[in-house]
Amino acid sequence: MASYRSILSTDAPPAFAFIDPPFDFNSATVSKFPPEVTGSLVLRSLCRRLGWESLSGKRLLDFGCGVRFARTLVNLGMEIGTYAGVDVNADAIGWLQAHVADPRFRFHRLDMKNHLFNPDGGMVQADTLRHFGLTEFDAACMFSVITHQDPDDTRMILRMLRACVVTHGQLYFTAFIDESVDQYAEKYIEKRSAWCNYNPDYLVDLAREEGWAVQTLYPGSELHQPAFVCRRM
Ligand SMILES: C[S@@+](CC[C@H](N)C(=O)[O-])C[C@H]1O[C@@H](n2cnc3c(N)ncnc32)[C@H](O)[C@@H]1O
């Protein structure tokens, strides 16, 4: 009788990991879909717009990360070189630190004041993220983060991120834009930082002053606001 051993494969199955963080930082229009669905769609468009075939081998710094991209990358087994997530939310960052063991991932809590997300936070400096050891990234990204920052905080964030990416590295961020606004305006005066509208020309100038040349502005879609693709000057 032939033995099945001659046909038994030694090929190991792909590593399986699943995380289910108990947080949702997305708006109702986004979170009505499973996070991995919107996460992979948005990450694929980020790759295309940055001129990358995929995230394979790339070092990506996600500022204001929440939990969506971490769960997308882990649960879908997507390839990536290094993913660093930074957020003011101590619970989300603590959870990710405790549940994602993959050495390609790292998470840092940043205690920066934000009226909506971290009203008791403090001041940060241009080199604060570098002091976390966050350097030499191919690109940084921010989804729905500048949407909640006033111009002073936007400047500081752009300055911090510039210190973390390689020479000629890239930056991808989304923002609410409104040509009728003179520079910057809060949509809801009574709920500070809930919806920060920028004049697009003003935001492009502000980015340039912080060392980022905006190369393309993509219109918004159902899943995210207009997106700015920049290169480090
Ligand atoms: C609308 S959520 C988007 C989360 C994630 N980027 C996504 O697209 O799923 C905004 C996130 O930015 C974080 N955030 C806001 N201001 C921040 C700041 N100054 N520094 C770090 N994180 C910040 C919030 O805690 C929150 O997780």
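Is Arg-109 buried, partly exposed or exposed? At 33% relative accessibility, Arg-109 counts as partly exposed, where buried means under 20% relative accessible area, exposed over 50%, and partly exposed in between (1.4 Å probe, protein chains only). The structure is a predicted model, in which local features need pLDDT of at least 70, side-chain atom pairs count only at pLDDT 80 or more, and totals for chains, interfaces and linings use all residues. Residues are numbered from 1 along each chain as its sequence is written, and side-chain values use heavy atoms, with hydrogens and water left out.

**Salt bridges**

- A salt bridge is defined as a side-chain nitrogen of Lys or Arg within 4 Å of a carboxyl oxygen of Asp or Glu, and by this rule the count comes to seven.
- In general terms, side chains of opposite charge can pair when their charged atoms come close.
- Arg-104 is partly exposed at 28% relative accessible area, and Asp-102 is partly exposed at 25%.
- Glu-210 and Arg-159 form a salt bridge whose closest N and O atoms are 2.8 Å apart. Glu-210 lies in the loop between α7 and β9 (212-218) and Arg-159 in helix α6 (residues 151-162), so the pair ties together parts that are 51 residues apart in sequence.
- Within that pair, Glu-210 counts as buried at 9% relative accessibility, whereas Arg-159 is partly exposed at 35%.
- A network of salt bridges links Arg-155, Arg-159, Glu-209 and Glu-210.

**Helix α7 and its ends**

- Helices (H or I, at least four residues) and strands (E, at least two) are DSSP runs, numbered from the N terminus.
- Helix α7 spans residues 200-209, and its buried residues are Pro-200, Tyr-202, Leu-203, Leu-206 and Ala-207. These residues cover an arc of only 155 degrees around the axis, which puts them on the same side of α7; the arc is that of the directions from the helix axis to the C-beta atoms.
- The face of α7 turned away from the buried side carries the exposed residues Asp-201 and Glu-209.
- Leu-206, in helix α7, is buried with a relative accessible area of 1%. Leu-206 and His-131 are 75 residues apart in sequence, and their C-alpha atoms are 24 Å apart in space.
- At the start of α7, a side-chain oxygen of Asn-199 reaches to within 2.9 Å of the backbone nitrogen of Asp-201.
- Just after α7, Gly-211 takes a positive phi of about 90 degrees.

**Cysteines**

- The structure holds zero disulfides, a disulfide being a pair of cysteine sulfur atoms within 2.5 Å.
- Cys-65 is in no disulfide, and the nearest cysteine sulfur, that of Cys-141, is 9.2 Å away. Cys-65 is buried, with a relative accessible area of 8%.
- Cys-196 is likewise in no disulfide, the nearest cysteine sulfur being that of Cys-230, 18 Å away. Cys-196 is buried, with a relative accessible area of 0%.

- Most residues other than glycine have a negative phi, and most peptide bonds are trans.
- Glu-136 has a positive phi near 65 degrees and lies in the loop between α5 (128-131) and β4 (137-142). At 48% relative accessibility, Glu-136 counts as partly exposed.
- Ser-144 has a positive phi near 55 degrees and is found in the loop between β4 and α6. At 29% relative accessibility, Ser-144 counts as partly exposed.

- Phe-173 is placed in strand β5 (residues 165-174) and counts as buried at 1% relative accessibility. The C-alpha atoms of Phe-173 and Val-124, 49 residues apart along the chain, are separated by 20 Å.
- Tyr-4, Ile-7 and Leu-8 form a nonpolar patch on the surface, with about 370 Å² of accessible area together.
- Patches are made of residues with over 30% relative accessible area and no salt bridge, with like charges joined within 9 Å and nonpolar side chains (Val, Leu, Ile, Met, Phe, Trp, Tyr) within 5 Å. Accessible areas come from the Shrake-Rupley method with a 1.4 Å probe, and for residues only the protein chains shown count as cover.
- Leu-8 has its place in the segment before α1 (28-31) and is exposed, with a relative accessible area of 53%.

Conventions: A polar contact is a pair of N or O atoms within 3.5 Å; within protein, one must be able to donate a hydrogen and the other to accept it, and residues adjacent in sequence count only if both atoms are side-chain atoms.
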